[in-house]
Amino acid sequence: MKLEPGFCVSSSFPAQSPDALSLQNTALLQLGHALKSWGYRFITGTPATHARVNSRRGNEWATNLEGVFGWSRPFLSSLLSSELFELMQEANVIASQANGWRSLVRVSSLKDDLLFHSAYPTTEADAVFFGPDSYRFITAIDSLIALTSLSVRRAIDVCCGAGPGAMAIASHFPQALVLASDINYCALRLTAINASLAGATNVQPCYSNLFHQIEGTFDLIVANPPYLVDPTQRAYRHGGGPLGSGLSFDIIDAALPRLSHGGTLLLYTGTAILNGIDRFRAGVERKLRNSDVHWHYTEIDPDVFGEELLQEAYAEADRIAAVIITVTRTR
């Protein structure tokens, strides 16, 4: 899986020449294989959980691989084997900090795979997200495939982030072409590396704003877009529009004409509930009322990112719920 020159020109990963970047990608992939061989595993929680756990006494410094690559704690070079430390240097994913070092990437477990994504805290505008939403998203994809008779030759994961959606589809349909699209070059770089690490050779990362740079129709479209109101408008988090739902509405609009006959859109997103009313669902109903589709809307978690209710944008919200919308073209 080849990466285009210039991938990941970002604050987290400084711009490099194509040759230097290719060497860094190779080293990062080797780092992933090395962590697998060491039996590394880490489940990523919410940012609030991460902050609380790291604030506990005794957690100031990493004492194991999970502390370095999962909890994003500073560490001493003596903690790592020379192989891991040198691979981090070659991949340019290490920075000096407080008389020690800090990893610029996190590594999370997803089933038997490991995925690279941005280190905590994810303050950069182009940070690459992975967390509890990702796990719920993959569960939704797996359930859809298990409970339906989808025949998938061409699929796409829109707003792919670290690429878990594309990788999940590729594992179920190894003969299908699975596109992984994003407007974040750092996300595309890490998606390519994560897919290679998992052996998902049918995943193809591609730059696109929704479907603008992509042609053709799809048997399966999945998306886990940002759905919050973020004051700094970080791309991985800010959904825009009313209470963060703007991008989710845009995806529905853009995906419908790109579904093949019998094709399905699975959208995992969040919605702010105001005075007991789900305005996002009401908007989805208006959009799909006269369409040639069958659709289903499920609230799968009634209360996510509760800390966001302290923000001005959510001053009138009861809660933020995680929801799944599936839309299947009937004609």
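Tutor: A residue is called buried when its relative accessible area is under 20%. Keep that cut-off in mind for this structure, which is a predicted model.

Student: Is Asn 194 buried or exposed, then?

Tutor: Its relative accessible area is 0%, so Asn 194 is buried. Asn 194 belongs to helix H7, which covers residues 185–198.

Student: Which residues does Asn 194 touch, apart from those up to four places away in sequence?

Tutor: Asn 194 touches Leu 114, Leu 115, Phe 116, Ala 162 and Met 167. Met 167 is also one of the buried residues of helix H6.

Student: How many residues of H6 are buried?

Tutor: Seven of the nine residues in H6 (residues 164–172) are buried, and the helix is mostly covered. The buried ones are Pro 164, Gly 165, Ala 166, Met 167, Ala 168, Ile 169 and Ala 170.

Student: What about Ser 181: where does it lie?

Tutor: Ser 181 is part of strand S6, residues 177–182. Its relative accessibility is 0%, and therefore Ser 181 counts as buried. Leaving aside neighbours within four places in sequence, Ser 181 has contacts that include Ile 156, Val 158, Cys 206 and Leu 210.

Student: What is the pLDDT of the chain on average?

Tutor: Where pLDDT is low, the predicted coordinates should not be read in detail. Here the protein chain averages 92, and 94% of the residues score at least 70. Over residues 1–15, however, the pLDDT is below 50. That stretch still has 38 contacts in the model beyond near neighbours in sequence.

Student: How do I describe two packed helices?

Tutor: Use the angle between their axes and the distance between the axes. Helix H8 (residues 246–255) packs with helix H9 (residues 279–288) at an angle of about 20 degrees, and their axes are 11 Å apart. Angles under 35 degrees count as roughly parallel, so H8 is roughly parallel to H9. The crossing of H8 past H9 is right-handed.

Student: Which residues of H8 and H9 meet?

Tutor: From H8 come Ser 248, Phe 249, Ile 252 and Asp 253; from H9 come Phe 280, Gly 283, Val 284, Lys 287 and Leu 288. By class, this contact has five nonpolar, two polar and two charged residues.

Student: What should I look for in the backbone?

Tutor: Most residues other than glycine have a negative phi, and most peptide bonds are trans. In this model, a cis peptide bond joins Tyr 120 and Pro 121, with omega about -5 degrees. Pro 121 is placed in the loop between strand S4 (113–118) and helix H5 (132–147).

Student: Which value does phi take in Leu 210?

Tutor: Phi of Leu 210 is near 55 degrees, a positive value in a residue other than glycine. Leu 210 sits in the loop between strand S7 (203–207) and strand S8 (218–223). Its relative accessibility is 12%, so Leu 210 counts as buried.

Student: And where does Gln 233 lie?

Tutor: Gln 233 lies in the loop between S8 and H8. Phi of Gln 233 is also positive, near 55 degrees. With a relative accessible area of 55%, Gln 233 is exposed.

Student: Which residues are in contact with His 238, leaving aside neighbours within four places in sequence?

Tutor: They are Pro 226, Leu 228, Val 229, Asp 230 and Gln 233. His 238 is found in the loop between S8 and H8, and it is partly exposed, with a relative accessible area of 22%.

Methods. Residues numbered from 1 in each chain as written. Predicted model: local features only at pLDDT ≥ 70, side-chain atom pairs only at ≥ 80, totals over all residues. Heavy atoms only, no water. Helix = DSSP H or I, 4+ residues; strand = E, 2+ residues; numbered from the N terminus. Buried < 20%, exposed > 50% of the residue type's maximum accessible area, 1.4 Å probe, protein only. Contact = heavy atoms within 4.5 Å. pLDDT = per-residue confidence, 0-100. Axes fitted to C-alpha atoms, helices over the stretch in contact; angles between N-to-C directions. Parallel < 35°, antiparallel > 145°, perpendicular 65-115°, else oblique. Left-handed = near helix turned anticlockwise from the far one by under 90°. Nonpolar A, V, L, I, M, F, W, Y, C, P; charged D, E, K, R; others polar.
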